[in-house]
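Please examine the sequence and the three-dimensional structure shown below before reading the report.

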Amino acid sequence: MDALSPHGGLWTMMASATPTVIFVLCVLAAMSLGCWSIIFIKLFTLTAAKRDTARDYTRFQEADNLRSAMQALGQSRQSPAFTVGRMAFEELVRMEQADLDPAEKGHIAMDNIRRVLRQAVSMELAKLSKSLPFLATTANATPFIGLFGTVWGIMNSFHSIGLMQSAALAAVAPGISEALVATAIGLAVAIPAVLAYNYFLGFVQAIENELVNFAGAFLNRIQREVTWTPRDAGQPAPAAPRRPAAPERI
């Protein structure tokens, strides 16, 4: 018991560990700090994004026309729905001013707006998903990093046994316990990371569904309100030019 007493505390074991194990513990501590920073930041940003997107979708649906709907979205410029709607509306304005054949203008505009909506949704999702891969990397890598520190510490313990020519428990237990700390800390870092990653991934998927619904509502409103049709559609066809009357014979 006397031989084990100096190694009873966690900080004591870490302080007496080999330089390699200490380096591993420092790497795990840095990854844990980065992981928890991302968790707190994403918790606020994703919650706000989901709330704003759902609210702006409701505002957009309740507006009387497209222009008033865009003004309602402009009340929250940090909302992903505002960015998606603004990009699509700007493309709509550009197409309205484009010098194109009226017979093809409506089809080209709808295709362009669909592409812009798809691009805007992808950009917003990429922005919201930023830093989440670090959580996945932390969840996958830290157990193995901790295991590396454990294996290295146990190798040192067995090397010490060879030098001391003694296999007594009191001689090997401190080194092995110090080595196992690395595995325990690696698991302690990985578990919150994997839980947070899965939770935030579900959050991003919910926001994606809201944005897809918003994009569909935007297209529906355009088709209802923007009546771009070929000039000869829905209007009487222009009369054919009259030929000059033949001179009457006398």
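## Basis and confidence

This is a predicted model, in which local features need pLDDT of at least 70 and side-chain atom pairs count only at pLDDT 80 or more, while totals for chains, interfaces and linings use all residues. Residues are numbered from 1 along each chain as its sequence is written, and side-chain values use heavy atoms, with hydrogens and water left out.

The pLDDT is the predictor's confidence in each residue, on a scale from 0 to 100. Its mean over the protein is 79, and 76% of the residues reach 70 or more. Helices here are DSSP runs of type H or I with at least four residues, numbered from the N terminus. Among the elements of the protein, helix H2 has the highest mean pLDDT (91), and helix H1 (residues 10–15) has the lowest (60).

For residues 1–8 the pLDDT stays under 50, and the model has 10 contacts beyond four places in sequence for them; a contact means heavy atoms within 4.5 Å. Residues 229–250 also have a pLDDT below 50, with 4 contacts in the model beyond near neighbours in sequence. Where pLDDT is low, the predicted coordinates should not be read in detail.

## Helix H3

Helix H3 (residues 66–73) has the buried residues Leu66, Ala69, Met70, Ala72 and Leu73. These residues lie on the same side of H3, because they cover an arc of only 155° around the axis; the arc is that of the directions from the helix axis to the C-beta atoms. Buried means under 20% relative accessible area, exposed means over 50%, and partly exposed lies in between (1.4 Å probe, protein chains only). The exposed residues Arg67 and Gln71 are on the face of H3 turned away from its buried side.

Asparagine 65 caps the N-terminal end of H3, with a side-chain oxygen 3.3 Å from the backbone nitrogen of arginine 67.

Threonine 53 is in helix H2 (residues 19–62) and is buried, at a relative accessible area of 0%. A polar atom of its side chain lies 2.7 Å from the backbone oxygen of alanine 49. Leaving aside residues up to four places away in sequence, threonine 53 touches Ser79, Pro80, Ala81, Ile207, Glu210 and Leu211.

Glutamate 124 lies in helix H5 and is buried at 5% relative accessibility. With residues up to four places away in sequence not counted, glutamate 124 touches Pro80, Thr83, Val84 and Leu211.

Arginine 114 is also in helix H5 (residues 102–128), but is partly exposed, with a relative accessible area of 33%. Its C-alpha atom is separated by 9.7 Å from that of phenylalanine 218, 104 residues apart along the chain.

## Salt bridges

A salt bridge is a side-chain nitrogen of Lys or Arg within 4 Å of a carboxyl oxygen of Asp or Glu. By this rule the count is 9. Arginine 55 forms one with aspartate 52, the closest N and O atoms being 3.2 Å apart, and another with aspartate 56 (3.5 Å, N to O). Arginine 55 is partly exposed at 29% relative accessibility, whereas aspartate 52 is buried at 9% and aspartate 56 at 0%.

In helix H4 (residues 80–97), arginine 94 and glutamate 91 are 3 residues apart, about one turn of the helix. Their salt bridge has its closest N and O atoms 2.9 Å apart. Arginine 94 is partly exposed at 45% relative accessibility, and glutamate 91 is buried at 11%. Elsewhere, salt bridges that share partners join Arg51, Asp52, Arg55, Asp56 and Arg59 into one network.

Notes:
Helix = DSSP H or I, 4+ residues; strand = E, 2+ residues; numbered from the N terminus. Polar contact = N/O pair within 3.5 Å; in protein donor to acceptor, adjacent residues only side chain to side chain.
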